[in-house]
Amino acid sequence: MTEKEFKAKTEALKDSCRIYRKEKQTLLDMEKAGVNTGDFSKAQLYLFIKEDVEFVEQTLKQIEKVCGKNARLLIWLLFVEERTQAAVAQEFDITRRQLQYSVNKWLRMIWEEE
């Protein structure tokens, strides 16, 4: 994977994570209400939201499987909860540089397995 591809994929993951919590709740609400498959636009919206939610969840599962629970937690805090690198690094008693290096390493590990 080239550096350009890695950066693009990382940005796509960050974008998906930014809206994950809202989409996850919307998905649950739609499932609870029952998606009306006769309404094409709602059915399409449901499928798009489901795809985004599954992408984030599968990525986090893969990170946990390959890199461990702490890796998943750190990426969750950074990408989904949108905490700053400084805050997360301080919480785990590491430097921002160590945090960034680890995140990049973990993401490369899971994406190079694909």
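**Figure 1. Lining of the largest pocket, to which H1 contributes the largest share, six residues.** The structure shown is a predicted model. H1, H3 and H5 each provide at least two of the lining residues. The space within the largest pocket amounts to about 250 Å³. Its lining comprises 14 residues, of which Thr10, Lys14, Phe79, Gln85 and Gln100 are the closest to the pocket centre. By class, the lining of this pocket consists of four nonpolar, four polar and six charged residues.

**Figure 2. The largest nonpolar core, a set of 28 residues.** Ile75, Phe79, Leu99, Val103 and Leu107 touch the most other members of this core. At least two core residues come from each of helix H1 (3–33), helix H2 (40–67), helix H3 (69–80), helix H4 (85–91) and helix H5 (96–113). H3 supplies the largest share, eight residues.

**Figure 3. Surroundings of leucine 107.** When neighbours within four places in sequence are set aside, leucine 107 is in contact with Phe6, Thr10, Leu13, Ile63, Ile75 and Phe79.

**Figure 4. Glutamate 82 in the loop between H3 and H4.** Phi of glutamate 82 is near 55°, a positive value in a residue other than glycine. Most residues other than glycine have a negative phi.

**Figure 5. Aspartate 93 in the loop between H4 and H5.** For aspartate 93, a residue other than glycine, phi is likewise positive, near 55°. Aspartate 93 has a relative accessibility of 71% and therefore counts as exposed, the cut-off being over 50%.

Note on methods
Residues numbered from 1 in each chain as written. Predicted model: local features only at pLDDT ≥ 70, side-chain atom pairs only at ≥ 80, totals over all residues. Heavy atoms only, no water. Core = buried A, V, L, I, M, F, W, Y, C linked by side-chain atoms within 4.5 Å. Buried < 20%, exposed > 50% of the residue type's maximum accessible area, 1.4 Å probe, protein only. Helix = DSSP H or I, 4+ residues; strand = E, 2+ residues; numbered from the N terminus. Contact = heavy atoms within 4.5 Å. 1 Å grid on protein atoms, 1.4 Å probe; cavity = no way out; pocket = protein on both sides within 12 Å on 5 of 7 lines; lining within 4 Å. Points joined across faces, edges and corners; volume = space filled by probe spheres on them. Nonpolar A, V, L, I, M, F, W, Y, C, P; charged D, E, K, R; others polar.
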